[in-house]
Amino acid sequence: MRAIRHGVRRAGWALLALALPAAALAQDSREQARAIAGDPPAAAQRLTLADVPRAAGAPIALFDGRSLDGWQPWLGYADPGITYGPPPGSMPIGTGRDTSDDFAVRWIDGAPAIWIKGETWGSLVHRGDFRDYHLRLEYKWGARTWAPRAKAPPNNGLLYHTHGKPGEVFGTWRPSVEFEIMKGSTGMIVTVGGKVRARTTVAFDPSLIAPHLRFRAGGRTIDMINGTATWNVEGASDPERAIGEWNTLDLYVVGDHAIHVVNGVPVAELRGMATIAPDGTRVPLTHGHIQLQSEGAETWFRAITIQPIRTMPRIVEAKAPTESAPSRHAPGRPGW
């Protein structure tokens, strides 16, 4: 869920946008990101997983291959274009209509999958309340995208530690932490809801749009807050496959600690997931529901399983190859 990428800006930037021309706004956001995260990394990181935990119990299938049993649909506004600023009196659809043309079980590539049309924004929320698990699923993009994102990269999301009321966030989603699923940004971290917090480590990356933050192992620690200059953090790399191919996502969660993995490559890690209580105190966010988004793109999901774990894997930065011995027949040069 990253509408800011294509022109919809959150509250923290809206007032600034009214006062500054586009070039000045872009420059201001970069300087703000530099102040938050420091200078950009000298090179991209190659990350791998170590100490992958063994399952502490049998896998649970969240999709039975026949029906949407266990999943609760919710739809936002009939016109998704008003999601971030609905006129007074506007009401989300919620459960007020048949959703069989929005979410269904259909066959594709010789097997059943959950089909999400994407035209009306909303979500499927699983009834299970989960903690301390390894979740794995496969997804691929369908052929269709819809306004207001018809010409934007396909967008969806795996939301976890979901809590609160249906439609509490923009009338469309429930508060949660997001494992972004968007072409070019799969694995990004997003805090969904104004009272959700998460800490991660970042570097300033001026090649990104605002907020110009990319996950970096060993980077500067920030607290993510929706509606501010730290509301999302791009993954360390983009291991997603081409449109039309299946991708595998792995989500490891123990307590308030999570790691996002795309096609076997770790791309982000966060700790200190929390909600803000009415008295302003920070309450650890350690469990919740699983939420599959509908946000403008036809998407297929299958092989959704969850297994209990007791420990977390580690993200390790792969070292660059060491220098090779000089050749006998040519001047020595680094062996890369």
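Two strands count as paired if DSSP finds at least two bridges between them. Strands here are DSSP runs (E, at least two residues), numbered from the N terminus. The model is predicted: local features need pLDDT of at least 70, side-chain atom pairs count only at pLDDT 80 or more, and totals for chains, interfaces and linings use all residues. Residues are numbered from 1 along each chain as its sequence is written, and side-chain values use heavy atoms, with hydrogens and water left out.

By that pairing rule, strand β10 (residues 189-192) is joined to β14 by 2 bridges, and the two run antiparallel. Within this pair, Ile189 stands opposite Val233 of β14. Both strands belong to an open sheet of 7 strands, ordered β3-β6-β19-β8-β9-β10-β14, with antiparallel pairing. Its edges are β3 (71-75) and β14 (232-233), each of which pairs on one side only.

Thr200 sits in strand β11 (residues 196-204). With a relative accessible area of 3%, Thr200 is buried; the classes are buried under 20%, exposed over 50% and partly exposed in between, for a 1.4 Å probe and protein chains only.

The next topic is charge pairing. Side chains of opposite charge can pair when their charged atoms come close. The structure holds 14 salt bridges, each a side-chain nitrogen of Lys or Arg within 4 Å of a carboxyl oxygen of Asp or Glu. One of them joins Arg34 and Asp39, at 2.9 Å from N to O. Arg34 is partly exposed at 33% relative accessibility, while Asp39 is exposed at 57%.

Another salt bridge is formed by Asp51 and Arg314, whose closest N and O atoms are 2.7 Å apart. This pair links distant parts of the chain, 263 residues apart: Asp51 is in the loop between β1 (47-50) and β2 (60-61), and Arg314 is in strand β21 (residues 314-317). Arg314 is partly exposed, at 44%.

Glu298 and Arg144 form a further salt bridge, with 3.4 Å between the closest N and O atoms. Glu298 lies in strand β20 (residues 297-308) and Arg144 in strand β7 (residues 133-145), so this pair ties together parts 154 residues apart in sequence. Glu298 is buried at 8% relative accessibility, whereas Arg144 is partly exposed at 35%.

Key. Helix = DSSP H or I, 4+ residues; strand = E, 2+ residues; numbered from the N terminus.
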